[in-house]
Amino acid sequence: MAELFTTDVGADLAAAADEETAAAPQRQALKLFLRNRSAVFGLILFLAILIMTFVLPFFYERDPGDLIARPHLAPGSEGAPLLGTDQLGRDLTAVVVYGGRTTLRVAAGAAVMIVGFGVMIGALAGFYGGKVDDVLMRFTEFFQVLPGLLFAIVLVALFNPSVWTVMIAIATVSWAQTARLTRAEFLRLKNLEFVKAARAIGASDFRIITRVILPNAMPTLIVSSTLVLGWAILFEAGLAFLGLADVNNVSWGLAIGRGRAAFTVNWWAVTFPGLAIFATVLGLSLIGDGLQDAYNPKLRGR
Amino acid sequence: MLKSLAARIGQAFGLILAVIVLNFSLIHIAPGDAASAIAGAQSASDPDLIEELRETYGLDDPFLVQLWNYITRVLQGDLGNSIWFGEPVVDLMLERIWPTVLLATTALAFALILGVAVGTLAARRPDSIWSHAVTIFSLVGFSMPAFWTGLLLLILVGVNFEFFPVSGMHAVDFDGNRWESMLDALRHLILPGLTLGIIYLAQYSRLARASMLEVLESDYVRTARAKGLSERSVVFKHGLRNGIIPIVTVLGLQFGAVFSGAILVESVFSWPGLGRLAFDAVTRRDTPVLLGVLLLASVSVIVANLLTDVLYRVIDPRIRISGKTNG
């Protein structure tokens, strides 16, 4: 018992020292990020979307399902809401504002699952290597050959569309990439000095994985998570556009899917929800690129 | 190299088998039983009929027996019948495969050629406006949902210019010889091909730019320049041949993604391909067709990955000689 106690203190010291040295590059990266104009633009864009979807509803209380005016009212015409009305006379401003909630919630939930599961599998495969790596990588490869959207469609269609099935389907078909990336990071880091040091003072495997290697893999994983969120938003939109979504919760993709039949007379019903998706994903891509440059200043512009 | 290739082929077969097992499991895990689904499609609720169907389709056999029967049937090319059409799934897919192949190859060829050209030009002058434009375009192209790009093209171009048909692969009232029929299909191909191509163009131009930037700074390119070779020879012979390797890898690995994109684009343009077939199968609750397309798509991804691996060895002499890949 006494022995265990001392090793834990040792590992804590190692981890603490590590965090201290890691703090300086973090601050450096933040400074570089804020100096990058396109990254800041992306951040502003994304924050604007977040405010629109999560704050604006308090000031613009509408039910996006209500029929409030004549159908096909163009934006700017008399009696029309800001973004016009759709083919049934629903307020498109409300559809875009409230639709974002569904899209972002589903995408964020899926992204958390993707990163969580992907990092777990990748970390185990990279850290242990050998047989464990073989088995886990074969498993990962299997999920990589299944065509993503098609497999997700099959899953959602077989188990009926709901917020949860859509989230799980997106995560099921998307985690493999994150797992491979995490594995590569672990392979790169696991033989470095500080990991050997932690091992020498007797830190447990779990501790080395979570407290020693993982913090050092963070920059790569943060960049990747930003892109994963953008990917999940596009994916959710695609599924919803095809009608594979909970019809009681309007989302951006669903709105475009509903409006597509009348696109010749009503361009705004497909244009505005699409612009919202585009702006969100563009914001996230710019943030991801900015973070990438900030963490690896040598690779700027690549 | 032969040995590693044999291992690679064995692995591909293992994956195909795994996909078949997955397909079978999906049929079984899904709520509702196949017999009642078939009966339901024929709007019958007679319990005797359902019992008969259970027997015909072997639904009362033990799980492993059913699995074994399923695998042998699939390997013989029998994927069952469509609930909606009543025809064999395989025949339905064979009808739809060519439109999808045509659409996908058009999009990929367009993206590959233009992407590599644009990326290479951008890499030669990394700080020029042109180079920044490529970066911006690639970000924009990546961030636009494919189906939305398609609809915007339809709104902007399809509605205003009659030359571009808005849906299908042939005009409804089409009447002409084979040559005219081909031209008609090509005219229908432009908008969906462009829509699907833009996504990949965004990726390839960015990738080509990054890859060529790295290659053009390398020692062998400097040596080639020092030898006094022409700029053309340096960029194309020494640069491009090395710079294109990552792009070929991505191209092969992306085969599955092309399928996913095709589903959305075919659905927007009513293009009569596999994606449209799969989408219709969802709305018609036609599970055998849906799973058939999933199987076919997965197998083509596996084969495409295998071919990429072989091609990779052929283009890259370092791998050809040592027989090893780094990834």
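Predicted model: local features only at pLDDT ≥ 70, side-chain atom pairs only at ≥ 80, totals over all residues.
User: What does the secondary structure of chain A come to?

Analyst: Chain A has 11 helices and zero strands. Along the sequence, the pattern reads α-α-α-α-α-α-α-α-α-α-α.

User: And what about chain B?

Analyst: For chain B the count is 15 helices and zero strands.

User: What are the spans of the C-alpha trace of chain A along its principal axes?

Analyst: The trace of chain A spans about 75 × 45 × 40 Å along those axes.

User: How many of the residues are buried in chain A? And in chain B?

Analyst: In chain A, 49% of the 302 residues are buried. In chain B, 37% of the 327 residues count as buried.

User: What share of the contacts joins residues at least 24 apart in chain B?

Analyst: Taking contacts in chain B between residues at least 6 apart in sequence, 71% join residues at least 24 apart. For chain A, residues 24 or more positions apart account for 71% of the contacts with a separation of 6 or more.

User: How do the axes of α6(A) and α12(B) cross?

Analyst: Their axes come within 6 Å and cross at roughly 60°. The two helices are therefore oblique to each other. From α6(A), the contact uses Gly148(A), Leu149(A) and Leu150(A), while α12(B) brings Gly256(B), Ala257(B), Phe259(B), Ser260(B) and Ile263(B). These residues divide into five nonpolar, three polar and no charged.

User: Now within chain B: at what angle do α7(B) and α8(B) pack?

Analyst: The angle is about 140°, and the axes of α7(B) and α8(B) are 9 Å apart. As angles must be over 145 degrees to count as roughly antiparallel, α7(B) is oblique to α8(B). The crossing of α7(B) past α8(B) is right-handed.

User: Which residues make the contact?

Analyst: On α7(B) they are Ala146(B), Thr149(B), Gly150(B), Leu153(B), Leu154(B), Val157(B) and Gly158(B). On α8(B) the residues include Leu191(B), Pro192(B) and Ile199(B). By class, this contact of α7(B) with α8(B) has 10 nonpolar, four polar and no charged residues.

User: Is the crossing of α2(A) past α11(A) left-handed or right-handed?

Analyst: α2(A) passes α11(A) in a left-handed crossing. The helices are α2 (residues 37-54) and α11 (residues 268-295) of chain A, and their axes come within 7 Å and cross at roughly 140°. They are therefore oblique to each other.

User: Which residues meet there?

Analyst: Among them are Phe41(A), Leu45(A), Phe46(A) and Ile49(A) in α2(A), which meet residues of α11(A) including Ala276(A), Leu282(A) and Asp289(A). The contact of α2(A) with α11(A) has 12 nonpolar, six polar and one charged residues.

User: Back to single helices. What should α4 of chain B span?

Analyst: At 1.5 Å a residue, the 13 residues of α4 (residues 63-75) of chain B should span 18 Å, and the end C-alpha atoms are 18 Å apart, which agrees. Just after α4(B), Gly77(B) has a positive phi of about 85°.

User: Does α9 of chain B lie largely buried or in the open?

Analyst: α9 (residues 219-226) of chain B lies largely in the open, because zero of its eight residues are buried. Gly228(B) follows α9(B), with a positive phi near 85°.

User: Which residue other than glycine has a positive phi of about 65°?

Analyst: That is Asn160(A). Asn160(A) sits in the loop between α6 (148-158) and α7 (163-189) of chain A, and with 11 C-beta neighbours inside 10 Å it counts as exposed.

User: And where is Ser270(B) found?

Analyst: Ser270(B) lies in the loop between α12 and α13 of chain B. Ser270(B) is not a glycine, yet its phi is positive, near 50°. With 14 C-beta neighbours inside 10 Å, Ser270(B) counts as partly exposed.

Note on methods: Residues numbered from 1 in each chain as written. Chains lettered and ligands numbered in written order. Helix = DSSP H or I, 4+ residues; strand = E, 2+ residues; numbered from the N terminus. Buried ≥ 20, exposed ≤ 12 C-beta atoms within 10 Å, placed from the backbone. Contact = placed C-beta atoms within 7 Å. Expected span 1.5 Å × (residues − 1). Axes fitted to C-alpha atoms, helices over the stretch in contact; angles between N-to-C directions. Parallel < 35°, antiparallel > 145°, perpendicular 65-115°, else oblique. Left-handed = near helix turned anticlockwise from the far one by under 90°. Nonpolar A, V, L, I, M, F, W, Y, C, P; charged D, E, K, R; others polar.
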